[in-house]
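Dear colleague,

Please find the structure below, with my notes after it. Could you read the two side by side?

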Amino acid sequence: MTDDRRMTTDRFYGGVDGRLDILATLLNWIDETEPTEEAVHDWILAETRARSRDAVGKHLGFIAALELIESDDDTVTIGDAGARWLTDRDPRIFYETLTANVKGFETLLAAFSERGELTDDDLRDILVDAFDEAQMETAGPAARHREWLQALGFVARDDGVNTLTLTGAQLASEQRAEMGEPPDADDSAPDGVRSGGDTSPTRRTRAVTRVQRDQSLVDTLKSLYANRCQLCGDRRQYDQTTGFSHVHHLQPLGAPHDGPDVTANMLVVCPNHHADLDHGLVAVDPESLEITHAYADAETNATLTVVDEHELGAAYLRYHSQERVELGES
Ligand SMILES: [Zn+2]
């Protein structure tokens, strides 16, 4: 077999919200005490809602498969992936070990970025299509995959409908780039850093791929702001109910700026403020987020609106102010 990864994940105690906390507590305890397998069983039965020794054994097999723990001579120690994840509990480290050991996560992430909203039934159909294996035909694996993606903050669930979060959309975008779409693999580095000589044919490839903006990132960011302008709060509409907005790249994607196609470099704006940004008539202070507009204008807010999930890059606000803005001396 070419792909001997597991078919499914297991549930962990603590539901979607608590499971990573419980897991981190368990791993820290294992790291400190290097307990016997028996002691780990007892810990889980005492500290979680687990009631069955069989279920606990099965679960420990799962976290060992993820290399979060290792068991040797009846001593349990922290695994390579466990140690890396515990350092700062980076959800991407966890996702890496999940995808390295369990099938289906990349498939689901790609489906999310193509289709947007997916129910658990959709997820099951996608797994059944992609993997010709009987286990996928029950509801269990799809829901458990989705729960892990939710626990890691890559998927949000509302009213039975699942969507990518902004960090999930960013991950899906990077995954797509790694899988060769666009074909220039070097271009997958999100910050545009590349090694080696910068020869002109490569530069040309890079410019071409840059122009292919990542529409799923743009769409996710727009929906995060419900199409409201970060500078004035206005939302323009196509009709009575459907809003729209523009996305402005603070450090433009094309030459000579060569800005990265990441949400840290993007603002959701109304068409008027998009024009003002392009014309260099408005600047935003990277620290205070205070907005300076070139002329008296009642529409523009005093400070930029930034939602928690949007990690805007101060460096890009600075780039915009320094390279693009030509405000008169004040
Ligand atoms: Zn606006």
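Predicted model: local features only at pLDDT ≥ 70, side-chain atom pairs only at ≥ 80, totals over all residues.

In helix H13, residues 314-324, the buried residues are Tyr316, Leu317 and His320. A residue counts as buried if 20 or more other C-beta atoms lie within 10 Å of its own, as exposed if 12 or fewer do, and as partly exposed in between, with C-beta atoms placed from the backbone. Helices (H or I, at least four residues) and strands (E, at least two) are DSSP runs, numbered from the N terminus.

Residues are numbered from 1 along each chain as its sequence is written.

The cover over the buried residues of H13 includes strand S9 (282-284). Ala283 belongs to strand S9 and is buried, with 21 other C-beta atoms within 10 Å.

The whole chain

The protein chain has 13 helices and ten strands. Of its 330 residues, 29% count as buried. Among contacts between residues at least 6 apart in sequence, 57% join residues at least 24 apart; two residues are in contact if their C-beta atoms, placed from the backbone, lie within 7 Å.

The largest nonpolar core has 57 residues, and those with the most contacts inside it are Ile30, Leu98, Leu152 and Val269. Such a core is a set of buried Ala, Val, Leu, Ile, Met, Phe, Trp, Tyr and Cys residues joined through C-beta atoms within 7 Å. Leaving aside residues up to four places away in sequence, Ile30 touches Pro35, Val40, Ile69, Val76, Thr77 and Ile78.

Which residues of H6 are buried? In this helix (residues 105-115) they are Phe105, Leu108, Leu109, Phe112 and Ser113. They are on the same side of H6, because they cover an arc of only 135° around the axis. Glu114 and Arg115, on the other side of H6, are exposed. The buried residues of H6 are covered by elements including helix H5 (91-101), helix H7 (120-130), helix H8 (139-151), strand S4 (161-164), helix H9 (166-178) and helix H11 (215-224). After H6 comes Gly116, with a positive phi near 80°.

H6 and H9 pack with their axes 9 Å apart and at an angle of about 110°. Axes are lines fitted to C-alpha atoms, for helices over the stretch in contact, and angles run from 0 to 180 degrees between N-to-C directions. H6 and H9 are therefore roughly perpendicular to each other; angles of 65 to 115 degrees count as such, those under 35 as roughly parallel, those over 145 as roughly antiparallel and the rest as oblique. From H6, Glu106, Leu109, Ala110, Phe112 and Ser113 meet Gly168, Ala169, Leu171, Ala172, Gln175 and Arg176 of H9. The residues of this contact divide into six nonpolar, three polar and two charged. Here Ala, Val, Leu, Ile, Met, Phe, Trp, Tyr, Cys and Pro count as nonpolar, Asp, Glu, Lys and Arg as charged, and the others, Gly among them, as polar.

How do H9 and H11 run, and at what angle do their axes cross? The angle is roughly 175°, and the axes come within 9 Å. H9 and H11 are therefore roughly antiparallel to each other. In H9, Leu166, Ala169, Gln170, Ala172 and Ser173 meet Ser216, Leu217, Thr220, Leu221 and Leu224 in H11. By class, this contact has six nonpolar, four polar and no charged residues.

Backbone points to check by eye

Most residues other than glycine have a negative phi, and most peptide bonds are trans.

- Asp73, not a glycine, has a positive phi of about 55°. Its place is in the loop between strand S1 (69-72) and strand S2 (75-78). Asp73 is exposed, with 5 other C-beta atoms within 10 Å.
- Leu289, also not a glycine, has a positive phi of about 60°. Leu289 sits in the loop between S9 and strand S10 (291-293). It is partly exposed, with 17 other C-beta atoms within 10 Å.
- Ala255 and Pro256 are joined by a cis peptide bond, with omega about 5°. Pro256 lies in the loop between strand S7 (246-249) and strand S8 (266-269).

Regards

Notes
Arc of directions from axis to C-beta.
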